[in-house]
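The following paragraphs lead the reader through a predicted model.

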Amino acid sequence: MTRDPEILILGAGPAGLGAALALATCGVEALIVDSGSAAGGQVYRPLPGAFEPGDASGLGPDYREGERQRRLLADSGAGTAFGRLVWSIGTDLRVDALGPEGPESWRPKGIVAAAGATERVVPFPGWTLPGVMGLAAATILLKSQCVLPGERVLVAGCGPLLFAVANAIRKGGGQVVAVADLAGPGAWLHALPALLGQPRDLLRGASWMARLRAQGVPLLFRHGVREARAAGAGLEVSLGAVDAAGRPIPSASEKTLEADSLVVGHGLIPATEAVRLLGAEVVFDADAGGWVPRLDRDQRSSRAGLYAAGDGAGVRGAAAAFLAGRIAGMTAALDLGRIDAGHHARATAPLRRRLARARRFGRAMARLMAQRPGQVDGIAGDTVVCRCEDVTRAEVEAALERGAADVNQLKSWTRCGMGPCQGRMCGDTVGQIVAARTGSREAAGAWTARAPLRPLGVDALAGDFDYADIPLPAAAPL
Amino acid sequence: MAQIPVGEPYDAAVVGAGVMGATTALFLARGGMRCALIDAGGVCREASGVNAGTLTLHMTRAALIPYAMRGWEMWKAAPDWLGGDPGVTVTDGLSLAFTAQEAALLEARVEARRAQGAPIEIIATSRARAIEPGLTDRFRLAAHCPMDGYVTANLTGMAYRRALVEAGVRLYENAPVTGIEAGDGGFRLAMAGAAPRARRLVLASGVWLEEMLAWFGLRIRIKALVNQLIVTERLRPVMRSVLGVASGLLSLKQFANGTVLIGGGWQGKGDRARRTTEIVPDNLIGNLRLARYVVPALAETRIVRSWLGFEAETDDALPIAGPLGGIPEAYVIGCVHSGYMSGPYFGRLLAQNILGQAPELPLFDADRLLVAPSCT
Amino acid sequence: MPLRIANQVRRGPAVTLWVDGQALDAFAGESLAAALLAAGRRALRQSSRAGTPRGVFCMMGACQECLVRVDGKRALACQVAVCDGMRVETGAAG
Ligand SMILES: Cc1cc2nc3c(=O)[nH]c(=O)nc-3n(C[C@H](O)[C@H](O)[C@H](O)COP(=O)(O)OP(=O)(O)OC[C@H]3O[C@@H](n4cnc5c(N)ncnc54)[C@H](O)[C@@H]3O)c2cc1C
Ligand SMILES: Cc1cc2nc3c(=O)[nH]c(=O)nc-3n(C[C@H](O)[C@H](O)[C@H](O)COP(=O)(O)OP(=O)(O)OC[C@H]3O[C@@H](n4cnc5c(N)ncnc54)[C@H](O)[C@@H]3O)c2cc1C
């Protein structure tokens with residue numbers, strides 16, 4: 001076990017990295033903990049250990065940025081604990097992790113939560129079939145593993161990843177059967193002013209779309225997946241038009257395409273389990289992806305000693321994550337008394353200016369990826385919404401009919417959200433289904449966060465022990 | 001549901017919709033009373049909805065064995081009186097000892113419980129393994145009880161809620177009672193949006209009884225235990241019985257869906273006023289080790305979740321259930337160890353008492369626990 | 001068509017895994033999920049209640065759909081780096 005750091009950073013994506021670098025400049029002992037094998041998080045994932053970049057241009061700018069960030073972290077002197085899954089955080093700020101050497105724990109004075117996001121896929125019939133995978137998931141496969149999700153891939157969903165993924169598949173030698181975007185081309189125009197703040201990203205996005213068009217890839221705007229069916233070794237996917245709220249238009253004709261794989265994603269959802277475990281206040285912000293911690297302008301949560309930054313505090317993208325992480329780090333140093341208010345203000349002022357720009361861009365992107373209530377509303381009764389427990393929408397509605405008043409009561413009665421994914425895959429959808437009855441997401445509530453933050457092997461957690469090593473409390477009274 | 005004219009008092013108001021209050025209200029309504037059931041949250045969402053659901057006599061306080069046995073019979077027959085499908089499984093229960101000291105403890109406890117009528121007996125280790133092939137072979141002594149089993153506690157609220165509504169009980173959910181006024185001919189409950197009145201009052205608010213009794217100037221210490229539970233993901237069938245240990249620190253069972261629930265009263269942390277709880281990681285690991293020691297095959301699986309709930313305990317670890325001395329028509333029910341198992345019976349017993357029938361077994365007077373008010 | 005993209009990277013040394021007793025070629029360090037997909041092994045388990053086939057879905061250790069047994073222990077294919085001789089059993093749940 002490494003000794004207790006002053007600040008523990010959960011997550012080594014751009015947000016956590018920003019915090020670590022800022023803390024290092026203030027001489028604060030920080031430890032960055034991540035379940036991955038190296039820093040980078042989701043956008044800047046490293047290549048597997050034994051891989052070497054070949055034609056580096058093929059790997060793209062994200063890879064180079066990741067390498068740069070990993071070098072910065074190594075040079076900063078911040079402590080790192082990779083391969084450690086954080087499974088519990090107590091209100092006394094004790095952090096428990098499970099790693100290759102078994103359980104470990106730390107008692108820092110403060111915690112920066114930078115746990116990133118998970119992907120949202122709104123259910124449709126067939127979304128559980130092998131061969132159907134997330135859009136963000138496909139980026140990992142493509143960027144960090146250099147493996148195509150399939151030979152002939154249908155790319156569907158919404159948000160900027162659609163075109164990035166379609167383009168990467170083409171570049172890697174795969175075929176893109178079509179790109180189906182829930183948004184209309186107008187939505188992209190709408191986002192334009194905000195996107196102009198980040199011309200480089202804008203250019204990338206625009207060039208992806210143009211290139212796909214030039215290559216003759218059908219781009220279907222305002223279209224969603226109606227159903228995926230297994231067909232031979234591949235899939236048969238029906239697509240249909242949707243309205244502005246994402247609701248399928250019943251009268252619209254369906255188009256059926258064949259593909260090896262369907263890559264589909266509807267945005268990102270902030271990972272707030274750690275924040276909620278500590279009882280910090282969260283608020284629902286649809287444009288930021290869902291439930292987010294309530295933060296002050298210096299990234300402090302409502303709980304003393306807990307800071308949050310990055311997509312886990314509201315989906316705003318990697319650039320914003322890095323800057324917000326740096327502000328969080330400076331604030332933690334301020335609260336520890338290691339820098340004074342003047343220093344904090346001077347150091348954060350330029351970051352805030354850049355952050356405002358990055359956030360404008362991020363918000364525009366996030367809005368394209370926000371949940372479309374009409375899409376949830378359109379889920380058919382016999383569609384599985386909870387993958388782990390195979391709970392259908394009709395079963396959810398039946399429990400609501402019987403009086404389940406919020407997501408947690410619904411969970412008790414139906415097992416929806418009780419499986420090993422711990423409600424990560426269905427939570428956002430179910431929250432919306434319940435909200436349709438309760439009137440708001442706030443009234444529908446959010447899953448109660450509990451340890452372990454991910455499923456843990458009994459063997460790994462219990463370790464090797466004898467009976468005498470079990471710390472038995474006193475016997476219960478007779 | 002019977003419509004209550006505005007201003008007309010209920011025959012009875014029950015505060016707290018855990019298994020104690022909900023059963024009391026159910027049988028009062030079936031006994032002909034117009035009854036209101038009020039809860040700060042929903043029906044059976046605190047201890048009564050998050051407990052381990054074990055129906056075991058191995059861990060029941062010796063003095064409560066007769067009540068628990070009747071509770072067990074009621075759960076077994078739940079479809080008849082509760083309806084719905086609360087997920088009751090009847091199976092064998094084993095309690096184990098691993099050290100000489102624990103073996104002595106087990107023998108003494110078996111003796112005390114048998115004296116109260118529990119059909120528990122010490123059995124040969126070979127027989128224990130025949131009953132439960134999933135067991136480790138490292139135990140020294142085992143006790144067996146054929147009267148054991150479990151309920152899927154998370155379904156309790158769903159079953160009770162339907163039964164209550166059908167019986168005509170008026171439910172007030174998400175309605176914390178903030179004060180109770182006793183006056184001529186009844187009680188008035190203070191809560192947001194409504195102020196129901198009732199001729200009779202039943203306090204059934206679990207660990208929050210301490211606070212509520214204090215409203216009437218009655219000071220009774222009620223400890224809030226914060227019990228932790230752990231559940232695994234689905235696993236091939238590795239056990240078929242309910243397993244415990246002599247000290248009472250383990251309760252282990254595998255549900256039909258393959259998940260294994262691990263409990264035994266290992267303590268977490270909690271704040272009953274704010275209703276927040278959290279695990280103590282070392283206790284989670286300790287509980288997990290004990291479970292894995294008893295059923296080695298658990299090593300194959302993963303834990304998916306832990307959670308906690310508040311259990312009420314009085315100074316003598318025995319219940320309070322019956323009329324509240326000095327306050328006519330006020331009753332209390334709670335602090336029953338193994339209270340989920342015994343809850344239906346205690347609730348019915350109190351309802352019988354309120355309805356003027358002679359109770360089958362004695363109730364538990366709260367007066368014995370009154371703390372003398374400090375003179376000011 | 002091979003799903004592994006050429007040129008972008010030089011992969012690690014070639015290794016052999018044993019998946020349900022059958023040899024499967026992969027590269028050291030590669031994610032097990034990627035190696036299985038590249039070999040066309042898409043269905044990895046069945047859902048616990050309805051028994052429908054499931055495979056790699058989120059690639060980030062969240063959805064738990066790619067649960068397999070690696071050298072006897074439950075593990076997520078997307079969170080495991082392959083090494084030579086690794087033994088993998090699919091259909092791990094239950
Ligand atoms: C699967 C996926 C793919 C994405 N691909 C792209 C892309 O290609 N391009 C793009 O612009 N954006 C992409 N995004 C969005 C992108 O992740 C964010 O904008 C950016 O990475 C946010 O940075 P962050 O530091 O907030 O979080 P992340 O980069 O997600 O970092 C969070 C880190 O926390 C770690 N972590 C979380 N919980 C725990 C725990 N309990 N224990 C230990 N470690 C933990 C994770 O392992 C991760 O490394 C993707 C998002 C996802 C979910
Ligand atoms: C984790 C755990 C595991 C357990 N395992 C078992 C087991 O395996 N077997 C067994 O037999 N027993 C078990 N028990 C004990 C058992 O759960 C309890 O004895 C039993 O459920 C108590 O029921 P109750 O109705 O008295 O209290 P509760 O179920 O706690 O109900 C009290 C109700 O009062 C309400 N309330 C409180 N204050 C107010 C207010 N101001 N206004 C309105 N409503 C209010 C609460 O919201 C709550 O719903 C366990 C307990 C716990 C916590």
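Buried area is the accessible area (1.4 Å probe) that two parts lose on being put together, summed over both. By that definition, about 970 Å² is buried between domain 1 of chain B and domain 2 of chain B, with carbon and sulfur atoms giving 57% of this area. Domain 1 of chain B comprises 6-48 + 155-220 + 316-369, and domain 2 comprises 90-148 + 223-313; such bounds come from an automatic or database domain assignment. The contact (heavy atoms within 4.5 Å) draws 12 residues from domain 1 of chain B and 8 residues from domain 2 of chain B.

Across this interface the rule finds 2 salt bridges, a salt bridge being a side-chain nitrogen of Lys or Arg within 4 Å of a carboxyl oxygen of Asp or Glu. In chain B, the side chains of B:Glu210 and B:Arg272 form a salt bridge at 3.9 Å, N to O.

In chain A, A:Ala280 lies in the loop between helix H7 (273-277) and strand E19 (282-285); helices (H or I, at least four residues) and strands (E, at least two) are DSSP runs, numbered from the N terminus. A:Ala280 counts as buried because its relative accessibility is 6%, the limit for buried being under 20% relative accessible area (1.4 Å probe, protein chains only). Beyond its neighbours within four places in sequence, A:Ala280 is in contact with A:Val275, A:Ser301, A:Ser302, A:Arg303 and A:Leu306. Of these, A:Ser302 is 22 residues from A:Ala280 in sequence, yet their C-alpha atoms are 5.4 Å apart.

Residues are numbered from 1 along each chain as its sequence is written, and chains are lettered from A and ligands numbered from 1 in the order in which they are written. Local features need pLDDT of at least 70, side-chain atom pairs count only at pLDDT 80 or more, and totals for chains, interfaces and linings use all residues, while side-chain values use heavy atoms, with hydrogens and water left out.

Terms used:
Buried < 20%, exposed > 50% of the residue type's maximum accessible area, 1.4 Å probe, protein only.
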